[in-house]
Amino acid sequence: MKSVMSLAMMNELCYINFVDLIRGMQQSCRDGGIGRRARLRGVWGNPCGFKSRSRHQKSLEHRIVAGFLSLWVQKPCYHFIGEFYLKFCGNVWAYTSVKVRANGPESPTRLGKGDVWVMAKRRKNTVDFVEEVTVPEERVISLADAKVQFLRDIRGLAKQTQRWHKENLNALEKVLGMQGVTIEDCRKLTVPFLKEHFVFYMLEELGLKVNTINGRIRSVRGLIQFLHRESYLPRDYSADLPVLKAEKVIIQTFSEDEISRLLRQPDQTTFTGLRDYTMMLLLLETGIRISELVGIQLSDVHIRDGNILVHGKGSKQRLVPIQSKMRQVLQKYIRERGNALTDALFVTIDEEPIAIGTTQKLIKQYGEQARITNVRVSPHTFRHTMAKYYILAGGDIFSLQRILGHSSMETVRIYVEMFSHDVNLQHSKYSFVEHRLS
C-alpha cells in the first residue's frame, strides 16, 4: 500500500470535527476546480440523484476525498472509499453524516448502507498534566543510633534475648573499633564489608569459636532487617550474610548414676536445700529452661490438675505436665515456702525471687560435690537429659516438642540423631520378635 497513513490510523474509525470537515471539503472542491453543482452531487454516494458519473467525475471526487483527508492528517493519502452526505442551505454546507474508510488497492471495500464508520481528528501528542515524581529522601543513621533504635524495637522479646542481641551488637562496635572503623552511615555495612571487617576478623584474628561468631551474625542480620523496614537501607540483604558452618556439637547428658549423685547433694533438712532439690527435680521432670524455672509464679502451679503454666520465649505460654512424685515434692516445698513477699515460686532466704545466676552457681557447686567431671553440670544439661530419657522411654517427638517449647522440630530431631545409638540398645533389649517369638 502506498499510503503513508499508519496502519492504526486506517483501522481506527472515530468522529470527525464538523467545521474542519466543511472547510476541508470546500477547499478541496475549489482546488479541484469543481463547481457548485458538482459539490452538491457529493462523492461516490451520489446523494443528489445523479445516476451516472464519468471517469472524470470519479477522478475529481477521488481528489476531493484524498485532498480533504490529506489536509486532515497532514499527510498524502491514497485509495479511500467514502460517502459524504451534505445539503446546501443558504450558501452554507450543512453536515448530515460522514463515512470514511481507508483501504489498500489490493482489497478495496465499499461501505454498505447503514454502516457507521467515522474517522476522527488525530489526538494531540501532549500531556496536560504531568504528575510530579517525588524522590524519597535518603535517610542516614549511624551504627550507634541504629543499635539503640533496634533494641527499642525488640522490647517485646524475652529479656534474655534482648540482652543477647545487645551483647552481640556491642561486640560489632568493639570489633570495628579495634580496626579503627566508625560507622556513621549504616549503608556502609555491606556484605563484603561485614565479611572482611567483622566475620573473618573474629575468626582469624581473634580466634573466636564458630558458634559465638554465628550468634553475632544472627544479631547483625536482625539489625539489617530492621534498617530496611525503617527505610535506612534500600534492600534487605541479611540473607546474603550466611552463618559459618559449625562443627557438630555433641549433646552431653547425665547418666542415671550421675543424676542420683546430684540429687543427694542438697540438704533437705534446710529450706534452701529443699528448694534446690525441688528445682533440680523439676528441671529433670519437665526439661524447662532456667529462665522459665525462675519465672514460675505460685499461681502457675496447678497441683490438682498436674501441670505448670510456663512462660517461655517470646512471651509464649504452655502447660507442662508433672507426675505424682513431682507433685508431692512441690506440695512439700510450697508448705515450707509459706507466704513470701513475692509471688515467685522459688525464693531466697530473704524472700526474694531467686536469680538465674544464683541457680546456675548452685547447680555447678552440687556437681563439684558429686565429683561429676566428664559432663558440664548446668541447668541446660538437665534439659538435654530429660529429652534423652523421654525418647528412650518411647515418647513421641511431637509431644516432646510441645513440652520443651521448641518452635520447630529441628532441635528435637537432633536429640533423636544423637541418642539413636541408645535407642538401638533399647530396641535390642525389648524387641518382641527377638525375645518373644520362638
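Buried means under 20% relative accessible area, exposed over 50% and partly exposed in between, using a 1.4 Å probe and protein chains only. The model is predicted, so local features need pLDDT of at least 70 and side-chain atom pairs count only at pLDDT 80 or more, while totals for chains, interfaces and linings use all residues. Residues are numbered from 1 along each chain as its sequence is written, and side-chain values use heavy atoms, with hydrogens and water left out.

**View 1. The whole protein, for orientation.** The protein has 18 helices and 5 strands; these are DSSP runs numbered from the N terminus, with helices being H or I of at least four residues and strands E of at least two. Of its 438 residues, 40% count as buried. Take the contacts with a separation of 6 or more: 60% of them come from residues 24 or more positions apart. A contact here means heavy atoms within 4.5 Å.

**View 2. Thr-385 sits in helix α14.** Is Thr-385 buried or exposed? Thr-385 counts as buried because its relative accessibility is 0%. Leaving out residues up to four places away in sequence, Thr-385 touches Thr-253, Phe-254, Ile-259 and Leu-284. Ile-251 is 134 residues from Thr-385 along the chain, yet their C-alpha atoms are separated by 9.2 Å.

**View 3. Helix α14, residues 379-392, end to end.** Why call α14 largely enclosed by the rest of the structure? Because 11 of its 14 residues are buried. Among them are Arg-383, His-384 and Lys-388, along with Phe-382, Met-386 and Ile-391. The expected span is 1.5 Å times one less than the number of residues. After α14 comes Gly-394, with a positive phi near 100°.

**View 4. Helix α10 (residues 271-286) against α13.** These two pack at an angle of about 90°, with axes 11 Å apart. That makes α10 roughly perpendicular to α13. Axes are lines fitted to C-alpha atoms, for helices over the stretch in contact, and angles run from 0 to 180 degrees between N-to-C directions. Under 35 degrees counts as roughly parallel, over 145 as roughly antiparallel, 65 to 115 as roughly perpendicular and the rest as oblique. From α10 come Arg-275, Asp-276, Met-279, Met-280 and Leu-283, meeting Thr-359, Leu-362, Ile-363 and Tyr-366 of α13. The contact residues divide into 6 nonpolar, 1 polar and 2 charged. For that count, Ala, Val, Leu, Ile, Met, Phe, Trp, Tyr, Cys and Pro are nonpolar, Asp, Glu, Lys and Arg are charged, and the others, Gly among them, are polar.

**View 5. Zooming in on Thr-359 in helix α13, residues 356-369.** Thr-359 counts as buried because its relative accessibility is 1%. What does the Thr-359 side chain reach at 3.0 Å? The backbone oxygen of Ala-355. Not counting residues up to four places away, Thr-359 touches Met-279, Ile-290, Leu-293, Val-294 and Ile-354.

**View 6. Helix α5 (residues 143-153) crossing helix α8 (residues 210-229) at about 90°.** The axes are 10 Å apart. That makes α5 roughly perpendicular to α8. On the α5 side, Leu-143, Ala-146, Gln-149, Phe-150 and Asp-153 make the contact, and on the α8 side Gly-222, Leu-223, Phe-226, Leu-227 and Arg-229. They divide into 6 nonpolar, 2 polar and 2 charged.

**View 7. Two non-glycine residues with positive phi, Glu-351 and Arg-371.** Glu-351 has phi near 60° and lies in the loop between α12 (324-337) and α13. At 32% relative accessibility, Glu-351 counts as partly exposed. Arg-371 has phi of about 55°, lies in the loop between α13 and α14, and counts as exposed at 70%.

Methods:
A polar contact is a pair of N or O atoms within 3.5 Å; within protein, one must be able to donate a hydrogen and the other to accept it, and residues adjacent in sequence count only if both atoms are side-chain atoms.
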